Amino acid sequence: MKEKLEKTITKFILEPKTQFFAHFLLQCEMKEEKMSDDSCGAGIMVENTRIVLIYDPKKLKKYSDDDLPYILEHEIMHVALNHFGREAGRKHDVWNIATDM
């Protein structure tokens, strides 16, 4: 799955319309881990001042190759819109749902 993610990021670099997302994704550390049942299979967090893209290969397998770019774009928008900085002690699960709308 990591190879699929890297291929998608490479496509983002080469396509002018998605280079914005590539800028953020190239700075991400990628970390494979099992995610909760209600997760889509990918998430993003800030850990020790680093952006970390977490992914669950088993969950991401259910998506087509065409879906993967949209999942990554969605996760990067959490960073671009400063959702972490604006969470300010709110309940994380509720905040995450609210910022997805």
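The following legends describe views of a predicted model of one chain.

**View 1. Secondary structure and overall dimensions of the chain.** The chain contains six helices and three strands; helices (H or I, at least four residues) and strands (E, at least two) are DSSP runs, numbered from the N terminus. Read from the N terminus, the order of elements is α-α-β-β-β-α-α-α-α. The radius of gyration is 13 Å, close to the 13 Å that the globule rule gives for 101 residues, so the chain is as compact as a globular protein of that length. This radius is taken over C-alpha atoms, and the globule rule is 2.2 Å times the number of residues to the power 0.38. The C-alpha trace spans about 35 × 30 × 25 Å along its principal axes.

View 2. Of the 101 residues, 38% count as buried, where buried means under 20% relative accessible area, exposed over 50%, and partly exposed in between (1.4 Å probe, protein chains only). Among the contacts in the chain with a separation of 6 or more, 41% join residues 24 or more positions apart; a contact means heavy atoms within 4.5 Å. The accessible surface amounts to about 6800 Å², and 54% of this surface belongs to carbon and sulfur atoms. Accessible areas come from the Shrake-Rupley method with a 1.4 Å probe.

**View 3. Aromatic pairs, with Phe-12 and Phe-21.** Three aromatic pairs occur in the structure. Rings of Phe, Tyr and Trp (its six-membered ring) pair if their centres lie within 6.5 Å; planes under 30 degrees apart count as stacked, over 60 as edge-to-face and the rest as tilted. Phe-12 and Phe-21 make a tilted pair, with 6.1 Å centre to centre and 45° between the planes. Phe-12 and Phe-21 are both buried.

**View 4. The pair Phe-20 and Phe-24 in helix H2.** The ring centres of Phe-20 and Phe-24 lie 5.2 Å apart with their planes at 70°, so the pair is edge-to-face. Because Phe-20 and Phe-24 are four residues apart in helix H2 (residues 19–25), about one helical turn separates them. Phe-20 is partly exposed, with a relative accessible area of 42%, whereas Phe-24 counts as buried at 16% relative accessibility. Phe-12, Phe-20, Phe-21 and Phe-24 form one aromatic cluster.

**Notes to the views.** Residues are numbered from 1 along each chain as its sequence is written, and side-chain values use heavy atoms, with hydrogens and water left out. In this predicted model, local features need pLDDT of at least 70 and side-chain atom pairs count only at pLDDT 80 or more, while totals for chains, interfaces and linings use all residues.
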